[in-house]
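Here is a short walk through a structure that may be new to you. Keep the view open as you read.

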2 protein chains.
Amino acid sequence: MEVRAEPRAVAGFRFAGVAAGLKREPARKDLGLIVADTPAAAAGIFTTNQVKAAPVTLARQRLRAGRLRAVAANSGSANCFTGKAGMKLAQYSCAAVAAELGCEEEAVVPCSTGVIGHLYDLEKYRAGVREACAALSPQAMADFAMAIMTTDTIPKLASTTIRIGGAPVAIAGAAKGAGMIAPNMATMLAFIVTDAAIPAAALRRALRDAAARSFNAITVDGDMSTNDTLLLLASGAAANRSPDARELAAFGDAVGAVAHSLARQLVYDGEGASKFVTVEVRGARSPSDAARVARQIANSPLVKTAFFGNDPNVGRITAAAGACGVRFDPERLELWVDKVRIAARGMILTEALSQAAQAMRQREFSVRLDLKQGSARFSMMTCDLSYDYVRINAEYTT
Amino acid sequence: MEVRAEPRAVAGFRFAGVAAGLKREPARKDLGLIVADTPAAAAGIFTTNQVKAAPVTLARQRLRAGRLRAVAANSGSANCFTGKAGMKLAQYSCAAVAAELGCEEEAVVPCSTGVIGHLYDLEKYRAGVREACAALSPQAMADFAMAIMTTDTIPKLASTTIRIGGAPVAIAGAAKGAGMIAPNMATMLAFIVTDAAIPAAALRRALRDAAARSFNAITVDGDMSTNDTLLLLASGAAANRSPDARELAAFGDAVGAVAHSLARQLVYDGEGASKFVTVEVRGARSPSDAARVARQIANSPLVKTAFFGNDPNVGRITAAAGACGVRFDPERLELWVDKVRIAARGMILTEALSQAAQAMRQREFSVRLDLKQGSARFSMMTCDLSYDYVRINAEYTT
């Protein structure tokens with residue numbers, strides 16, 4: 001199975017992305033639609049933040065039915081921290097889409113991203129919906145991906161095909177990220193569609209497993225968004241027969257691979273990111289220990305500025321590892337940058353540092369910490385902390 | 001009781017700070033001594049990091065006796081992640097001090113700060129010890145404070161006097177910070193001395209209470225150091241009679257005030273800091289809830305870059321609050337910058353934002369979040385995240 005970072009048509013779905021004037025820059029796309037020709041099976045995962053945007057609250061309610069006709073996603077405003085007016089705005093927005101499509105408004109799920117605390121203009125939104133519905137096309141997934149961008153510099157797309165239940169099925173996704181990216185669902189927005197016919201329970205399981213190893217294994221700044229939404233929609237248009245357990249596993253792997261590609265693209269395009277770094281912790285006593293250590297390293301500002309400075313800083317990496325409450329023996333750990341071992345036996349391997357610094361000059365490298373306490377492992381995807389991260393976030397204001 | 005950010009003589013102690021050549025810049029002081037004329041009662045708190053520097057391990061052992069003659073603190077090398085050679089270096093260093101003072105080497109406690117993974121030169125250290133011992137003076141606390149600086153731009157000193165047990169007693173402290181500053185003991189190094197005669201158990205209690213509201217309530221970058229050490233030494237030279245409970249409480253408050261002043265100075269001088277921000281969370285169900293929310297806000301890179309950009313960003317602050325697992329109702333919270341209320345009833349008070357942005361242009365301001373869930377509160381001291389933080393940490397390499 002090969003995953004490509006590009007869109008593809010998925011039977012049963014049409015897409016659109018238009019410039020409705022919700023963003024400050026009127027020429028940029030800011031309203032995207034995913035429309036299923038008939039009600040699609042749907043599963044969703046949402047932010048666990050106590051502060052949830054109105055569209056998140058509404059989308060969670062509507063997902064309970066397990067079927068939907070359309071996703072209406074906008075950038076330019078997160079519609080979060082907007083009180084009762086925000087909930088009404090989300091409802092009216094969905095109603096506008098439903099009226100154009102001729103479906104029930106409960107079958108439309110809203111998603112918003114952008115500045116918190118501001119309401120977007122409903123009349124502009126309605127006009128945008130009319131334009132978007134007129135533009136709907138099976139080929140327009142890239143337009144949709146562009147419409148959900150905020151500080152992203154490129155749209156994120158991924159797709160693959162597999163064969164299950166006697167039929168070829170397609171899986172394709174779009175996502176947006178850039179800031180407020182941290183473990184525990186913080187992609188802001190990601191959408192995966194498939195033409196496979198998959199039972200609802202299997203769809204939910206596939207999504208949960210995929211998120212654990214993709215969107216929940218990345219960090220840009222450790223901040224958790226108020227709007228994070230990951231949706232998986234299945235049209236069933238591939239008309240495959242009911243998949244067996246092995247085929248369901250293969251389907252789950254394919255969804256996971258598409259999710260992983262999208263998550264990876266989010267980190268690559270993280271705010272100010274100039275390096276993509278895989279932080280792999282192995283030799284932990286348990287997977288949760290491994291994940292805690294990996295997250296602490298991947299979120300440490302001192303480690304991330306060292307990445308930016310091409311500095312194989314054993315002290316900062318091991319100090320971050322030691323700070324998360326997981327017990328280990330510093331005398332036994334080993335630490336690598338790519339294939340260069342830089343620490344062992346409780347000491348820095350000084351002669352290896354220049355080679356490690358060389359490896360860190362690449363756009364992408366890995367840091368591997370072996371705790372030698374057990375056999376569990378976990379990998380995080382992270383980026384460096386650069387001047388541009390500060391610039392983007394000190395200047396992107398309310 | 002008034003605390004001044006300046007040194008003072010404390011009966012029973014002498015200080016020194018010299019340039020021994022342990023730092024790259026040979027003219028900078030890098031070796032400091034605190035010497036008690038007779039064995040002083042001592043209490044200590046150390047980093048909880050799994051990766052501990054050799055001097056931390058040795059100091060913890062030696063503190064168990066509850067008495068010591070000297071603290072030997074150096075900058076330029078953290079003597080951490082240095083294997084068995086590092087432990088020997090710490091031992092030999094203390095032995096050199098003991099030989100000069102004519103005391104047992106177990107009565108000397110080592111502290112190191114600086115780059116991790118490097119050993120300092122023992123011969124230079126020994127020569128520095130001879131010079132420092134010759135320079136010991138009751139007036140030289142500022143020299144000591146300068147000798148423990150790394151990326152600090154100013155020495156940190158605080159002192160006060162109170163009257164207990166029929167005698168005036170002095171309390172004075174010195175600290176160093178700048179990076180790897182986070183809650184749970186991450187000041188790197190701080191020392192408080194007093195001439196009071198205080199029982200050992202009361203000394204430990206006073207130190208623990210003081211740390212909770214000072215060094216454990218600050219953050220610069222959320223990173224926990226491998227070398228954090230906070231020591232409280234009491235010479236007894238004030239010859240006060242045994243303090244009663246009320247006087248012990250007053251003593252504890254005074255130690256707390258000196259610790260708070262030092263902690264505040266650490267944050268003021270945090271790496272790249274251009275703003276000092278008090279993050280006060282009130283109205284929480286429990287003190288631990290209040291502390292979790294305050295820490296999440298105070299550590300959030302998105303919040304800290306907003307501080308740098310004079311941006312009263314309700315979204316980022318409430319999103320950080322909502323991400324730490326503490327339950328609250330976003331519709332009820334209220335948020336202030338200084339005396340300007342910027343959020344209430346689940347909405348941003350848009351008309352107040354320009355006034356709040358004005359308040360944020362000051363060197364120092366406060367952010368107050370009232371969760372309206374209970375009556376518990378906690379305050380964190382933090383700073384902004386600026387270009388200079390990135391510059392300092394991308395360029396300060398191994």
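How do helix 2 of chain B and helix 3 of chain B lie to each other: roughly parallel or roughly antiparallel? Before the answer, a word on the model. It is predicted: local features need pLDDT of at least 70, side-chain atom pairs count only at pLDDT 80 or more, and totals for chains, interfaces and linings use all residues. Residues are numbered from 1 along each chain as its sequence is written, while chains are lettered from A and ligands numbered from 1 in the order in which they are written.

Now the helices. Helix 2 of chain B spans residues 83-101, and helix 3 of chain B spans residues 122-135. Helices are DSSP runs (H or I, at least four residues), strands are runs of E (at least two), and both are numbered from the N terminus. The two axes come within 10 Å and cross at roughly 30°. Axes are lines fitted to C-alpha atoms, for helices over the stretch in contact, with angles from 0 to 180 degrees between N-to-C directions. Helix 2 of chain B and helix 3 of chain B are therefore roughly parallel (an angle under 35 degrees counts as such).

Which residues meet there? From helix 2 of chain B come, among them, Leu89(B), Tyr92(B) and Val97(B). Helix 3 of chain B brings residues including Leu122(B), Val129(B) and Cys133(B).

Turn to chain A. Its domain assignment gives domain 1 (13-268) and domain 2 (276-395); such bounds come from an automatic or database assignment. The C-alpha centres of these domains of chain A lie 32 Å apart. Twelve residues of domain 1 of chain A are in contact with eleven of domain 2 of chain A (contact: C-beta atoms, placed from the backbone, within 7 Å).

Next, look at where the chains touch. The contact takes 52 residues from chain A and 51 from chain B. On the chain A side, elements giving two or more residues include helix 8 (301-308), strand 12 (347-348) and helix 11 (387-395). Helix 9 of chain A gives the largest share, six residues.

How are the copies related? A rotation of 180° with 0.0 Å of shift along its axis superposes chain A on chain B, with RMSD 0.0 Å. In chain A, the C-alpha nearest the axis belongs to Tyr387(A), 2.8 Å from it. The same surface serves both copies: 98% of the contact residues of chain A recur in chain B.

Note on methods: Two residues are in contact if their C-beta atoms, placed from the backbone, lie within 7 Å. Angles under 35 degrees count as roughly parallel, over 145 as roughly antiparallel, 65 to 115 as roughly perpendicular and the rest as oblique. Copies are superposed by least squares on the C-alpha atoms of residues with pLDDT of at least 70 in both.
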